[in-house]
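Hi,

Here is the structure I promised to pass on.

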Amino acid sequence: MSILLKSPTPLFLFFFFFFTFGNSRLPRIPLAVFFSGGEYEYFKAVLNPDEAVKREQEYRGRWELVSDNSGVSAMHMIIMPNSNKAIMFDAAGFGPSGISLPAGDCRRVLDSRKEDEVYELDCWAHAVEFDIDTAAIRPLKIHGAHLGGYQLMVHLCKLVDGMKEEGLSDTSMDAVLAIGRSTPFSTQHILPNGDFIVVGGRHMFNYEYIPKAAGTSNEKSYVLPFLQETNDSVENNLYPFVVLSTDGNLLIFANSRSILLNPTTNKVVRELPVLEGGSRNYPASGMAALLPIKLNDLNSNVLRAEILVCGGADPRAGKFVENGIYVTALQDCGRIDITNPKATWQKEMMPTPRIMGDMVVLPTGDVLMINGAKKGTAGLNFAEDPNVIPVIYKPDNPMTRRFMELRETTIPRMYGSTSALLPDGTILVAGSNPNFYYNFTGVKYPTELRVEKFYPTYFDPERVSDRVVITSNYEGKMVNYGHNFLIEFQVKKVSVDLSDLKVTMYAPPFTTHGFSMGQRHVELVVAELKIVEFELFRVEVAAPPTAEIAPLGFYLVFVVHVGVPSSGIWLQIA
């Protein structure tokens, strides 16, 4: 139902000027169509859907170089809530970075090159706080051993849950990196009760729980034979994909197989069908994401949780590279509803092969596939042929119309690259270092310190008038499960149609090695839409009913109007 101003005068002026001086690129359609809401409503009136696709393909996004030197190559990245900061960090053993620590604040580290116990001073930063607005960087000091795939970031994610607006208090990451277990290539995920589960890792065929209370740990671990069964000669089951389903079970995907684990009983509920085609986890490094959870899904008796897994490599790819052969990466995707015991993998094909890519779920519910290569496997100098063309995947479209290639970048993003959704809807893209140590010259793919932003198709300049601006502020407030809350927004429209709106929540993930841990997108139920005053509207939406659907913590909330998202506001679910 469209909400219109009661006075007919603004409507008359609107249509008079629109049809007299309006955008010549819009097809002339009957006046009555506009009464159903918005000048972009013409998409719904076009009988041939190819016209809508053609318009969308005219603008394929754009790239912006925002920094020439991030200080470190961002092998790991996370966006901090209630701030304009991202934390980027790398392995501490990769030699001099692009930024030093403050004078007199060097690290004392063991020199692994010496047989005797000899220490040396490391005065280079291996982690930074990156300002997403100004690109300013602040060095952060790492205490302890190697990072960057060599230790787990559970406690950084725990810090995010209780993060204060001012961000990290000083240059030290000591409190952030109080590691529960020291093993490379593990995956973590928050649970409904606020604890974390840590799964797998090199030679770690088990999992454990990390209590949510700061500074606490759990010495007990649980053997998981599934992880040993999915191991192979090159360990293509590292960084397993771990996703919390809407029923509280955990999907654990390793290599090409997957199970559902009940974290309360620690029993395997069932094993899913094998995803044929090749290996999907590091070092084969495919991509995976939980597709949007739709709370208004009226076509299902169960709140569906669908998983999308794309790309990867032949399980022997690492062995081939040792002989100088870079095999083509996988090009297929598998999609499955993990809440349906009878479901099977539905296969689709990406436009190009991809390994070491990232999947970012956008505010619209579409999935962006970005970074990576077309040949080889993950590792140092183990890949060739950078895949510089991002791809958008529209999960609600018919199967033949889901993929679309976007504007290409000029910067190869190979091993160790990351990306993250920012509150304004842009994508922060950083990192790439397929070399031993930092190497900026004389190599085919130098260590990359440049940082870019990618602007998806909803930043089309012709769609500016469709973008709403949220005026509500939930900073310092909490929203309870199942409770309704209000969001006010401005938009330069005389009418807004409820069918053109959706409100989405996004949990910012911790991203490394092609997997965004904890990434979650929930489409909320909109209970009511009201007009407050001229160009100011209010929606009433229902918070997620349970922590299984949206674990406690901070989320970005977006209002999406005819496919164009607002900038997000931070909201804490408790």
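A quick word on terms: I call two strands paired if DSSP finds at least two bridges between them, and strands are DSSP runs of E with at least two residues, numbered from the N terminus. The model is predicted, so to speak of local features I needed pLDDT of at least 70, side-chain atom pairs count only at pLDDT 80 or more, and totals for chains, interfaces and linings use all residues. Residues are numbered from 1 along each chain as its sequence is written, and side-chain values use heavy atoms, without hydrogens and water.

First, the open sheet. Its order is β13-β14-β15-β16, with antiparallel pairing. β13 (241-244) and β16 (267-271) are the edges, each pairing on one side only. β13 is joined to β14 (residues 250-254) by four antiparallel bridges, and Phe241 has Phe253 as its bridge partner there.

Next, β43 (residues 569-573). Five of its five residues are buried (under 20% relative accessible area, 1.4 Å probe, protein chains only). Ile569, Leu571 and Ile573 point one way, Trp570 and Gln572 the other. β43 pairs antiparallel with β41 over five bridges, where Tyr555 stands opposite Leu571. Two bridges also link β43 to β32 (residues 478-479), this time parallel, and Met478 partners Gln572.

Cheers

Definitions and conventions. Buried < 20%, exposed > 50% of the residue type's maximum accessible area, 1.4 Å probe, protein only.
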